[in-house]
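Thanks for coming. I will talk through the aromatic contacts in one structure and then take questions.

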Amino acid sequence: MTDATRGFFGSRRGPLDPRLPPGQYDVGADFPVLTAEVTPHLDARSWTMTLDGLVASPRTWTWDELHTMEGSGYDGDIHCVTTWSKLGTSFAGVSIDTLLSAVRPLPSASHVVATSTTGYTTNLPLAHVTGGKAWLAWTHEGRPLPPEHGGPVRLLVPHLYFWKSAKWVTRLTLLDHDEPGFWEQRGYHDLGDPWLEQRYQGD
Ligand SMILES: Nc1nc2c(c(=O)[nH]1)N[C@H]1C(S)=C(S)[C@@H](COP(=O)(O)O)O[C@H]1N2
Ligand SMILES: [Mo]
């Protein structure tokens with residue numbers, strides 16, 4: 001498709017919604033599942049979340065400990081690189097800022113790698129998970145996050161393409177350099193800003 005036809009056919013439901021980044025369509029009420037691995041069925045009671053790497057004091061939290069932290073949610077849109085966007089959806093959990101303030105990133109920390117129980121990884125600049133832009137999410141639209149969508153807990157970085165929102169996340173590691181993750185090693189863009197259509201390396 002040329003850029004012109006992509007814009008014209010961008011929406012299956014009539015006029016283009018200004019909330020849709022270029023080349024995206026509104027998937028409506030659907031919530032497609034995109035998983036490279038076999039879906040793990042994790043027990044929240046034994047699930048833990050670790051923040052390590054270039055931090056002053058690495059920490060691991062249990063499910064119960066995370067729930068005592070100040071809650072935070074996201075109401076808005078998500079964008080998959082395969083061109084569906086889900087508009088006006090909601091997630092809740094805890095802000096990544098809250099976890100980072102507990103471990104205290106070292107001045108040399110510039111990037112993060114998120115790791116899932118399955119071995120899936122994705123990389124992000126540290127500045128893209130701070131300032132109220134990223135969450136650990138365990139509810140979607142008020143209900144517990146189902147396993148196929150990353151439950152018990154997924155990363156949520158809604159201002160970037162959704163492959164950055166690692167499902168079944170259990171670790172965030174702070175680094176002083178960028179380290180391409182699962183899809184980034186396979187040709188996806190290092191950053192993945194949907195408004196700049198950064199789908200693949202070189203975009
Ligand atoms: N662990 C893991 N996380 C993942 C993926 C995956 O395959 N494994 N796929 C990514 C991609 S490409 C997308 S679009 C979203 C899909 O999330 P969903 O299945 O909840 O829609 O998860 C992202 N996080
Ligand atoms: Mo995706």
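**Aromatic pairs and one exposed leucine**

Leu196 is located in the segment after strand 11 (169–175). Please keep in mind that this is a predicted model. With a relative accessible area of 56%, Leu196 is above the 50% cut-off, so it counts as exposed. Its C-alpha atom is 30 Å from that of Gly53, and 143 residues separate Leu196 and Gly53 along the chain.

Now the rings. A search of the whole structure returns 13 aromatic pairs. One of them is Phe31 with Phe91: the ring centres are 6.4 Å apart and the planes meet at 80 degrees, so this is an edge-to-face pair. Phe31 is in the loop between strand 1 (25–26) and strand 2 (48–53), while Phe91 belongs to strand 5 (residues 84–95), so the contact ties together parts that are 60 residues apart in sequence. Both Phe31 and Phe91 are buried.

Next is Tyr188 with Tyr200, also an aromatic pair and edge-to-face, at 5.6 Å centre to centre and 85 degrees between the planes. Tyr188 and Tyr200 are 12 residues apart, and each is in the segment after strand 11. How exposed or buried is Tyr188? Its relative accessible area is 15%, and the limit for buried is under 20%, so Tyr188 is buried. Tyr200, at 39% relative accessibility, is partly exposed.

Tyr188 and Tyr200 are also members of one aromatic cluster, together with Tyr120, Tyr161, Trp163, Phe182 and Trp183. Phe182 has a further contact: the charged end of Arg186 sits over its ring, 3.8 Å from the ring centre.

Key. Residues numbered from 1 in each chain as written. Chains lettered and ligands numbered in written order. Predicted model: local features only at pLDDT ≥ 70, side-chain atom pairs only at ≥ 80, totals over all residues. Heavy atoms only, no water. Helix = DSSP H or I, 4+ residues; strand = E, 2+ residues; numbered from the N terminus. Buried < 20%, exposed > 50% of the residue type's maximum accessible area, 1.4 Å probe, protein only. Phe/Tyr/Trp six-rings, centres within 6.5 Å; stacked < 30°, edge-to-face > 60°. Lys NZ or Arg CZ within 6 Å of the ring centre and 35° of its normal.
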